[in-house]
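Colleague: I've got this one open and I'd like a hand reading it. Can we go through it feature by feature?

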Amino acid sequence: MTSELDIFVGNTTLIDEDVYRLWLDGYSVSDAVALRVRSGILEQTGATAAVLQSDTMDHYRTFNMLERLLHAPPKLLHQLIFQIPPSRQALLIERYYAFDEAFVREVLGKKLSKGTKKDLDDISTKTSITLKSCRRQFDNFKRVFKVVEEMRGSLVDNIQQHFLLSDRLARDYAAIVFFANNRFETGKKKLQYLSFGDFAFCAELMIQNWTLGAVDSHVDDMDMDLDKEFLQDLKELKVLVADKDLLDLHKSLVCTALRGKLGVFSEMETNFKNLSRGLVNVAAKLTHNKDVRDLFVDLVEKFVEPCRSDHWPLNDVRLFLNQYSASVHSLDGFRHQALWDRYMGTLRGCLLRLYHD
Amino acid sequence: MPGKLKVKIVAGRHLPVMDRASDLTDAFVEVKFGNTTFKTDVYLKSLNPQWNSEWFKFEVDDEDLQDEPLQITVLDHDTYSANDAIGKVYIDIDPLLYSEAATVISGWFPIYDTIHGIRGEINVVVKVDLFNDLNRFRQSSCGVKFFCTTSIPKCYRAVIIHGFVEELVVNEDPEYQWIDRIRTPRASNEARQRLISLMSGELQRKIGLKVLEMRGNAVVGYLQCFDLEGESGLVVRAIGTACTLDKLSSPAAFLPACNSPSKEMKEIPFNEDPNPNTHSSGPSTPLKNQTYSFSPSKSYSRQSSSSDTDLSLTPKTGMGSGSAGKEGGPFKALLRQQTQSALEQRGGSPHRFCRRREFPFFTLTAFPPGFLVHVGGVVSARSVKLLDRIHNPAFVGIMGNTRSYKLLDWNSFNSDEPETRDAWWAEIRQEIKSHAKALGCHAVVGYSESTSICEEVCILSASGTAAVLNPRFLQDGTVEGCLEQRLDENLPTCCGFCHIPYDELNMPFPAHLTYCYNCRKQKVPDVLFTTIDLPTDATVIGKGCLIQARLCRLKKKAQAEANATAISNLLPFMEYEVHTQLMNKLKLKGMNALFGLRIQITVGENMLMGLASATGVYLAALPTPGGIQIAGKTPNDGSYEQHISHMQKKINDTIAKNKELYEINPPEISEEIIGSPIPEPRQRSRLLRSQSESSDEVTELDLSHGKKDAFVLEIDDTDAMEDVHSLLTDVPPPSGFYSCNTEIMPGINNWTSEIQMFTSVRVIRLSSLNLTNQALNKNFNDLCENLLKSLYFKLRSMIPCCLCHVNFTVSLPEDELIQVTVTAVAITFDKNQALQTTKTHVEKSLQRASTDNEELLQFPLELCSDSLPSHPFPPAKEHLESASSNSGIPAAQRATSVDYSSFADRCSSWIELIKLKAQTIRRGSIKTTVTVEKASPMAEGNFRSRSAPPCANSTVGVVKMTPLSFIPGAKITKYLGIINMFFIRETTSLREEGGVSGFLHAFIAEVFAIVRAHVAALGGNAVVSYIMKQCVFMENPNKNQAQCLINVSGDAVVFVRESDLEVVSTQQPTATCQPSCTGEVTT
């Protein structure tokens, strides 16, 4: 007696969250059954392994049929084939577009192209996430990227509207898309200590302040591309370190203000010029695409690492950066206050986020 | 020219990519009705075309309106080659033909292709203007309402229940015509779908005519079936119960201006003769005489062979089956004559009654209180027939000339051949009727018919429950002869139906009679088998449960007559065993009555399968069932004896456990009060007499187990051992689960609103080597048990819940394949109140009845917004606008009203937020246009309808589906019409579609989706009495092909949550007040 055909179709489509997770994680039916058996479900329900096998197959079939719709979530809402309550639809979409931290760290900032897709095998071995799951996550990134690529309006809003994701997840995707578009390097060994959350945080700040959208909300790609004009202008900041008087004045202003407030004052004082040079040079280099890509490497190299080696507490870093940016306003000879604020405002936020072990 | 059909094609969405180069589609639509076709413009390069067509108008006879479906074909325009079809939508416009149902069909319909499945959706609006038809000799029956529900529909009252209506239509199956060799599978499938759609339309119209003939206005318990006879053709047949229904608290009082007064007239019940004076008109003959005077000896003898639970056997013997086709001649003639005379004389001539008395059958399974007086027991009849080609020279001629499927109506042809099927059924019905008479009953309730076809052999089956009905509800003196004096006595209603209708001294079969445990006045049998639902007033102890008997019998492969003979010879044994199994399982459960009994015998190439399902209960009026005794054949063997006693202990334990599980604890009653059973000698003599009468019967069976106690199991061979084992291996459902195959579970009456209807299909392949009956039985048993286990597991999140209306269907698609299809609904209930006594239940229902009226008062007010002319106040401008948009784009409006509010876990998530956002944005844009276009209201209307599709996209309205006639926690406020659909799906890329499971899974999901879409387009939010009547699955894995045919039906309804009703009642005053205020201001 062999089972040729075995199906269950409900008027309301049954969604088993546990099986959905297993499916998303890319387990085969037999692996999923084995995992479910291990979860003790048989003892709880008194079911047999055969029942579990049949149930898992059913769910997998349903998910495979739903997958096509999940590629364009609004379709899932309007389709008539599967009757699914809205809360369940939301769950399906949210989970489908959720991604693994380990995976996203591997591809963040990489070009979402076929070439990278070949690397998925390696990523899968490295992260011990199944290849199937890697594919889904990668394809999700790529799909979102393709859809919102040449769109007007807020990146987060666009993602939310076209993929019906939660605010949190839409923001994450905005960061992924932003990183992929600008190809920021995130894979260097130096950057391994940084989490996706750190990068996403920076991405959000950069989208808000450094993109075209920050000045003009009626252009294509407004949230994806950095404001080229702004990057060009950043060269003007060079004067802060090139002009020795300005640099000294800046240093003395910062030191006066922070004397007694900083635990690492002496270290700051000795390192001030190096740090300032580092931060300003990063800005000045952003005209080149290559250097834009290395932004995070540079920030860590030029700022985070020196501070860390001197054991600056986070609070001291905050006080320093605040004072460092604010003091520029008192430099009479410096004319690019607005530019400085646009640059430093974002950078300060980023650096504070990046500054941890 | 009594009708104008108007169709508007609004838009499409999610269309498939038809042009690979551009990844787009140049779609247009053909709208076809009868022989008229209209086309929309081609909407270039879009997967979401907005045709927004003009109104296509078809001027047609109402006869055609009833028969023909509206056929909408979506195509991809191709400049150089032939246009490619994307898919089709068939819309049954019948629901628009009676005033109380839907007024407009409007909404998104899935575009269906028999090869590719659903390919996008199309938004269509359909309306019908019916003109007065004064022609008395018309062929249409517009206005007759059809219900699949096998009880009086919830918002109606039965004025008169007229009785049985039946009709069948035959045609050649397009799949088996010569032309099929040269056309594509798609063309063939579509021809078949269209033909069946036409045939069911015609069938329904004809049944409607019969109902009008009887002066009824509705058909309840309408059951339409297809017999795919292969080479010999296609039979569409239907049975139902004609009724005169009256809408409760007629909305006419609130809505004086209805669309067409003439239609309203039709609705008015013919209550001139609601009280047939049956007592006086009929000769009040004692029942005894009736039983004896009944003549056809053949049937009579068969009846006597029934067991004490009235399971009657009517296998046709070998001789009969071979030549049955020609045998029915004289009888058929008689029937035809009667039918004709009835048709000719519309007036109240005696012939009319004759005809109706022909088959006093009722397809209903639940009845108004007081309707059912006594229940005799199950009556069933089966007959084996050989299928012959339905010859029709005239038909062939038409086919050859036009290559179109002209519908065949056998009455219009002279050939005798097609009448064969009618005669076959007439024969079976006659049999049923005589069985009922033998049980002292004048009527059969819960009646149903079915077929099982394998190659050229066909088993026709009919079954029902013999009953005595209260003539108050029947139109005329149908039953006068059989009326009993007992009726006049004051019987307690709760046990009356259990009392035997037959004469205890001349019982048609031996039975243990006792005095009723409830009233102690009348005799009751020890067990009661019925095909109906448990009457609402019956007193039940504990809960019920699903009881199944499963059986397989191997059969040699044979041809034609030899095959038919072999089957006929096997049938009685199968019936006997199925019955024994049911009986034993019932005893094992400690119960004494079966409801909803359905015995299905399926014929295959090399085996027969029997599957009986029923719901066991403990009726308080019936005696406590005795236990099961096991007796060994070989005494004096110590170990054997020990084994036997061990088994006995196990059985006793199981019974005790079951009693606890189902909460069966009847009050103890001392035996003396009840009295002794009927003296034995008389019975025996009766039985002997009947046996001598029936010496011509080859297969004479004594289901009464002779002298032995009916529930002694004798273990004399391994076979019997198997039986006992299988009895004990039936696993009860896990805790928190109950199951039954009736409408509701006896003993549970606090349903909560969550329901989940589902269909599950399983096919197993038997290993062909050394198949024995035992192995086969075990396989089949395991298949069913595993299926049930799977269901319990899948639905575990709904606990505590009950699987209701569990409907198993078995088919044998190939030699070694067994297919089991289950459709049922899981309903949650409140565990805390699970132990309500029946008393409070009655009180509750009384309360509900009183509140019913109030609720109904509110409902018509709701209706007001639908029909503007009746509005008592001068409508304010705003109101007008909303109303006009309502009629223009009802789908959009409905989409918002039929929302997800019913879901307990109402979504507070961001999806809703986003939607809200989107809507506010859109609303903003509409506002600006309104100010611009305010000058011309027409333009505004157009604009709105154009913007309808994007507006409607917020959510797809939930449509509930249930095989039950009601929705727990809700009130059905309107019946919108019958849903009856036939689908074919075929694939030539089976592997690519996920194998057989993937293919069928997707197909069934699509069927559900299409049904839901049609219901939503009618303005409904649920399908009740849903049934999947057929699911024929064929595969050819070697060729990577599969085909499946599915036939479903049900009643589209509008329901309102009981909790919402209260809200409406509080809101109503303010809602109606506002327009009046603004109205005053404007005037």
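Colleague: How many residue pairs are in polar contact between chain B and chain A?

Modeller: A polar contact is a pair of N or O atoms within 3.5 Å; within protein, one must be able to donate a hydrogen and the other to accept it, and residues adjacent in sequence count only if both atoms are side-chain atoms. Between chain B and chain A there are 23 such residue pairs, both residues at pLDDT 80 or more.

Colleague: Which elements of chain B supply at least two residues of the side that touches chain A?

Modeller: Helices (H or I, at least four residues) and strands (E, at least two) are DSSP runs, numbered from the N terminus. Here the list is β7 (105-113), β8 (117-130), β25 (751-765), α19 (773-794), α23 (910-933), β28 (960-961), α25 (995-1017) and β30 (1022-1036) of chain B. The largest share, 13 residues, comes from α25(B).

Colleague: What should I keep in mind about the source?

Modeller: This is a predicted model, where local features need pLDDT of at least 70 and side-chain atom pairs count only at pLDDT 80 or more, while totals for chains, interfaces and linings use all residues. Residues are numbered from 1 along each chain as its sequence is written, chains are lettered from A and ligands numbered from 1 in the order in which they are written, and side-chain values use heavy atoms, with hydrogens and water left out.

Colleague: How many salt bridges are there between chain B and chain A?

Modeller: You look for a side-chain nitrogen of Lys or Arg within 4 Å of a carboxyl oxygen of Asp or Glu. The count for chain B and chain A is 5. One of the salt bridges pairs Arg796(B) with Asp16(A), at 3.1 Å from N to O.

Colleague: How many residues of each chain are in contact?

Modeller: Contact means heavy atoms within 4.5 Å. By that rule, 59 residues of chain B meet 46 residues of chain A.

Colleague: Why does His116(B) count as partly exposed?

Modeller: Buried means under 20% relative accessible area, exposed over 50%, partly exposed in between (1.4 Å probe, protein chains only). His116(B) is partly exposed because its relative accessible area is 43%. Across chain B, 60% of the 1083 residues count as buried.
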